[in-house]
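Q: Can you walk me through this one? I'm new to it.
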Amino acid sequence: MNLAVRLGRATLIAIALVVALAPFVVLFLNSLRPADEFLSAGSGLVPSHITFEHYAEIFDPRGDTFRYLLNSLIITTTSTIIAVLLGAMAAYALARLKLPFRLSIVIGVMFLVIRFYPKITVALPYFLLMRQFNLLDTHLAVIIAHVSLTVPFVVWMLLAFFEDFPRELEQAAIVDGCGPIRRFMLIVVPLMTPALAAAAVLTAFMSWNEFLMASTVAPNFAKTLPVRISGFITDKGILWGSMSAMSSVIVIPVALFALFTQRYLARGLTVGAVKG
Amino acid sequence: MSIPGTIPETRRPVGLVARLERRLGETGILLLFLAPAMLVIAVAQFYPLASSAILSFFDWSLARSPTVGPFIGLDNYARTFKDPIFAGTVTFTIVFAISSTLLQLACGLGIALLTVGESYTLRFVRTLLMLPMVIAPIAVGTIWRMILAARVGPLNQGLAAIGIDGPNWLGDPMWAAFSLIMIDAWEWTPFVAVTLTAALTSLPGDLLRAASVDGAGRWKSFRYIVFPMILPVLVLVAMFRLIEAFLTLDIVFTTTAGGPGYATHTLSFWIYQQGLKYFNISYAAASSWIMLLACVGIALAFLAWRRQVGKWQVSR
Amino acid sequence: MIRRTNASKLAATVAASLVGVALANGAAAAELNFSVMESGTYDKAASQIAAEFASTGTDVKVFAFPWAVLRQNNTTDLISGTNQYDVMSGGYYLADVYSYFSTLDDYIARDNYGEGMIAGLLSPGRSEFVAGKSIGIPYGIDAYGLIYNTEMLEKAGVPPEFASWADLAAACDKIVAANPGTACFSHATGSPEQIGGFFFSGYAGTYISEDGKYALDVPAATAAAEEITALWKYLPEKGTALTFDEAHQLFKDQQVAITVTYPSFITNSLDAEGSPVAGKWGMSQFPGQGFPWLSLWQLFIPSATEDKDAAWAWIKAYAGPENAKRNLVEHNIGSVWAATYEDPELKERNAHFWPALTAGFAAAKNPPLSGEAQDLLTNTLQDIVNGRVSAADGIGSVAAQWANIPVPPAMLEAAAGSDLQEK
C-alpha cells in the first residue's frame with residue numbers, strides 16, 4: 001500500500017472513532033459538570049470545574065441506586081444463566097431430533113418470529129399474567145421476561161454452531177452406550193464453551209439494557225437501572241447531571257465488559273448472519 | 001455451563017442418568033431438552049401474544065368500560081386504516097427505517113472495509129467502534145438529547161465555534177426526523193460493521209490474491225468479487241436492521257417523545273401511547289398485530305431474496 | 001450426592017428469596033403505600049410528613065415516579081386489581097379510572113374538611129367528582145401564569161396587561177425593538193402537551209357538544225390556533241424544543257422579557273439570593289377569554305384500600321391546613337387553603353405576584369378532556385405552529401377525530417360543572 005492510501009485510511013478510521021466515541025466523552029464530562037452549567041449557552045464542552053455532586057447524589061445511602069444496581073445484577077446474571085442453559089439444551093435437541101414434517105424448522109422459525117414483533121404487543125398481557133401469578137414487581141417477573149426474549153436468540157445462534165459440530169465425536173460415545181444427556185454434558189458442552197460464552201455475553205447485554213418489559217412489570221422494588229434513568233425526565237425538566245451520572249453508571253461497566261469480551265461478542269453477533 | 005449435581009452421576013456407568021436415558025429413549029430425552037425453553041416462550045411470549053390477538057377482535061377501551069366489551073370482529077383493524085394519525089405514523093416509520101438502514105449499511109460496509117485485518121491495532125479499533133451498540137438504548141437517547149439540545153448542546157456550540165449556525169435539531173420537524181435517523185444509525189452501524197467484517201474475514205484469501213494477480217484494480221475486485229461474495233450476508237443484515245428500525249421505541253421516548261407534534265411518532269411509539277397511555281387496549285392490540293404481520297412479511301421477502309442471491313451466486 | 005444436596009439447597013434458597021420478594025411486597029398491617037410524583041417537591045414533602053406521621057402508628061411508604069410513569073402505574077394498579085397503593089396522587093387525567101376510587105363525601109362532611117379551602121375548589125370541573133360525589137382531595141394548586149421582566153417591559157413602554165395572545169404578539173414587536181439581542185418570551189415548548197396552556201386560555205368556546213361528544217367551535221378554535229402560531233415567531237431562536245428549566249433559565253438570564261409557565265416551578269428561584277432578576281419581575285393577569293390551565297394535584301383513595309380511615313388520616317396530614325405553609329415555603333407547593341394567602345409575612349414578601357397568582361387560581365379550570373383527546377389537540381397544535389399543517393386543516397382534523405373519542409362519564413360531569421359543555 002502506498003503512503004497516500006494508508007494515510008487516507010488512517011484519517012477515515014480516526015473520523016469513525018471520533019463519531020463513535022465522542023458521545024461517551026460528552027456523557028462522562030456532563031456527569032462531572034456543575035448543575036448550573038447545563039442550561040446556559042456558552043458553557044463549553046469541558047466543565048468549568050469538576051464536581052462529583054451528581055455521583056454523590058445518586059449514590060446517597062438514603063437513596064435506592066444500590067438497590068437498583070443490585071436488581072440489575074441479579075436479573076442479568078440469573079437471566080443469562082437460565083437462558084443459555086435452556087437455549088443450549090433446546091438447540092441441541094433441535095439439531096439432533098428427527099421430527100416429522102420438518103417440525104424443527106417450524107420451531108426454529110417460531111423462535112425467529114419473537115425477534116420480529118413489537119414487544120408492546122405482549123407488555124400488557126404479560127403484566128396481567130404476572131399479576132395472576134402474584135409475581136408483579138419481583139425479580140422473577142423480569143427474569144422470565146428476559147429469558148423468554150433471549151432464549152430464541154440463543155437457540156438461533158447455537159443451532160448454527162451445532163450444525164458444524166463434528167458428529168464423529170458423538171458417534172464414539174454412542175457406541176459406548178452414552179445417551180443424549182451424557183453426550184450433551186460430557187462432549188458437547190465442553191467443546192462448545194466458546195459458543196456458549198458468546199451466547200452468554202450477548203444475553204447479558206440484552207438483559208442489562210432492556211427497558212420496556214422491566215418498566216412494565218417492575219415499577220418499584222425490582223426496578224432496574226435503565227428504568228431508573230427515565231425518572232430523571234421530570235415534568236419540569238431534565239436533571240441532566242444526575243441523569244448523566246446514572247447513565248455513566250450503566251454505560252461504563254458495559255463498555256469495559258465489551259472490551260474484555262470483544263471476541264465472544266463479535267462471534268455471537270455474526271454467527272446468525274454469516275453462517276445461518 | 002452445566003446443571004450442578006448431575007455431573008457426578010453421568011460419570012457412573014449405571015447411574016440415574018443412564019437409567020433415565022434408557023427409559024425415555026433418544027427422542028424422549030431430546031424432547032425433554034426442548035421442553036423448558038418451549039415452556040418459557042409459550043408462557044411469556046406466545047400466551048400474551050395470543051391473548052392480544054383475541055383482544056384485538058373485542059372492544060376494550062378503559063374510557064368506555066373497566067372490563068372487556070363485546071366482540072366486534074375486524075372493526076379495530078378497519079379503524080386503523082381510517083385513522084389519519086396512524087397513516088402518518090406508518091409513513092414516518094417507513095421513511096425512518098429505510099433511511100436509517102441504508103445509512104447504516106453504507107457506513108458499516110465502509111468501516112468493515114477500513115478495519116478488516118488481524119493486526120492488534122485494527123482489532124482494538126474494531127472493539128472501540130462496537131461500543132455504541134452495547135449500551136442501553138434508553139441511555140443512547142438521553143446522551144443524544146444532551147448533545148442535540150439546540151441552544152445549549154455541545155454539538156451546536158462546537159459548530160458555532162467554527163462559524164456554523166447549527167440547526168434546531170429536535171425542535172424542527174424535519175431536523176427532528178433527521179436526528180432520529182442519525183441516532184439510530186450511530187447506535188447500529190457497529191452491528192453492520194461487525195457482521196460484514198466477519199464475512200470479509202471468512203472470504204478465501206487465494207480468491208483475492210488471484211484477483212490481484214489478474215491485475216484487477218481495487219474497485220473492480222471489490223465490485224465483481226468481494227461484493228457478490230458478501231451479498232448474502234448483507235441481505236440478512238439489512239433484514240435484521242430494517243425490521244428492528246421498524247420497531248424503534250426507546251430512543252424516541254428519550255429524545256423527541258414523538259414530537260414536535262406528530263413529526264416523529266414511530267409506529268411502536270404510537271402503539272405504546274394507545275395501549276399504555278390511553279388504554280385503548282383492543283385498538284393497540286389490533287395495530288400491533290398489523291405491525292407484526294408486516295414485519296414477518298418483510299422477513300419472508302428478505303429470506304426469499306437471500307435465497308435468490310445464493311442461487312445466483314452458486315450458478316456463477 | 002453431597003454436591004447434589006448443596007445444589008438443591010442453593011436452588012431452594014434462590015427460589016425462596018425470589019418468592020420472599022413477592023411476599024414482602026404485599027402490604028403489612030398499619031402500613032400505607034402512597035404514590036406521588038417524583039419532582040423534588042411533592043415527594044420530598046411526603047417523606048418529611050411521613051416521618052412525622054409515623055408517631056400515629058401508621059407507617060407510610062412513599063413511592064415516587066416521574067409524571068408519565070406515575071400516571072401509568074396508578075392506572076395499571078387499579079385496572080389490574082393489584083391494589084398496591086392505598087393513597088394515590090393525580091389529577092383530571094386519571095378520568096379513565098375514576099370509577100375505581102371511593103367517594104369521600106362522608107369524610108369531608110364528618111370533618112367539615114372543605115372549610116377554609118380556596119373557594120370553589122371542591123366542585124366539579126376543579127377537583128374530581130363521580131356521580132356528584134367528591135373523590136379527589138386537593139393538595140397542590142397552580143395555574144398558568146405570565147411572568148415578566150419589569151425593566152425590559154418599561155424600556156419598551158409596554159404595560160404588563162395583555163387581553164389576548166394577539167395583544168401579546170403586538171407588544172412583543174415593541175419589546176424586541178427596545179431590547180436588542182433578546183427575544184420576547186420563552187415557554188416549555190419541548191413538553192408536547194404544554195402548548196395546551198395557550199389554547200385553553202385563547203379559545204373561549206366549549207369542548208363537549210350538547211349530545212355529550214367531544215366537539216370544538218371550529219372557527220373560534222382555528223382563530224385561537226392562528227394567534228398561537230403568530231405568537232410562536234417571538235420565541236427565542238431555536239426555542240421550539242425547550243424544557244421548563246431551559247425556558248426559565250432564559251428568563252433568569254434576561255434573554256427573554258416574558259416567560260409563560262406554571263409559577264410554582266419558578267417563583268422561588270427568581271427571588272432566591274443571587275438571582276439576576278430578583279426585585280425586577282412581576283406577574284400579570286393571564287391573557288385570553290378562555291381560562292388559565294389549572295394544575296390541581298389531588299389525593300385519591302382506591303375503593304380496594306383496606307384501611308380507609310388510616311388513608312383519610314394520611315390525607316389530612318399531607319393535604320390539610322397544618323402543613324400547608326411549610327409545604328409552600330420549603331417545597332413551593334401551592335397551598336389550597338385560603339388562610340395561607342392571608343399570612344401577613346408571606347403576603348408582604350410575595351406582593352409582586354400573589355394578586356395575579358390568586359386571581360389565576362380563582363379563574364383556572366381543567367379542560368374536560370381525556371388523555372387521548374388532549375394529546376390529539378396539543379400534538380396537532382404543535383404541528384400547526386411548526387407549519388406541518390394549516391390551522392384550519394389541523395383544527396378540522398381534531399374536530400373530526402374527536403367525534404370518535406369516547407368522553408369518560410366523569411368528564412361530562414366536569415364539563416357541566418365548569419361550564420365547558422355546549423348548551
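A: Here is a short tour of the chains, their contacts, the core and the domains.

A: The model is predicted: local features need pLDDT of at least 70, side-chain atom pairs count only at pLDDT 80 or more, and totals for chains, interfaces and linings use all residues. Residues are numbered from 1 along each chain as its sequence is written, while chains are lettered from A and ligands numbered from 1 in the order in which they are written.

Q: How many residues of chain A are in contact with chain B?
A: 80 residues of chain A are in contact with 78 residues of chain B. Contact means that C-beta atoms, placed from the backbone, lie within 7 Å.

Q: Which helix gives the largest share of chain A's side?
A: Helix 1 (residues 3-30) of chain A, with 12 residues. Helices (H or I, at least four residues) and strands (E, at least two) are DSSP runs, numbered from the N terminus.

Q: What classes of residue are on that side of chain A?
A: 66 nonpolar, 11 polar and three charged residues. Ala, Val, Leu, Ile, Met, Phe, Trp, Tyr, Cys and Pro count as nonpolar, Asp, Glu, Lys and Arg as charged, and the others, Gly among them, as polar.

Q: And how many residues of chain B are in contact with chain C?
A: 27 residues of chain B, against 28 residues of chain C. The chain B side has 17 nonpolar, six polar and four charged residues.

Q: New topic. Which residues touch the most other members of the largest nonpolar core?
A: A:Val155 and B:Leu196, in a core of 322 residues. Such a core joins buried Ala, Val, Leu, Ile, Met, Phe, Trp, Tyr and Cys residues through C-beta atoms within 7 Å. Buried means 20 or more other C-beta atoms within 10 Å of the residue's own.

Q: What is B:Leu196 in contact with?
A: Leaving aside neighbours within four places in sequence, its contacts include B:Gly108, B:Ile230 and B:Val237.

Q: Where does helix 12 of chain A bend?
A: At A:Ser248, by about 25°. That is the angle between axes fitted to the seven residues ending there and the seven starting there.

Q: What about domains in chain C?
A: Domain 1 is 29-143 + 294-363, and domain 2 is 145-291 + 371-405. The bounds come from an automatic or database domain assignment. The C-alpha centres of these two chain C domains lie 27 Å apart.

Q: And how is chain B divided?
A: Into domain 1 (7-45) and domain 2 (78-315). Their centres, taken over C-alpha atoms, are separated by 41 Å.

Key:
Contact = placed C-beta atoms within 7 Å. Buried ≥ 20, exposed ≤ 12 C-beta atoms within 10 Å, placed from the backbone.
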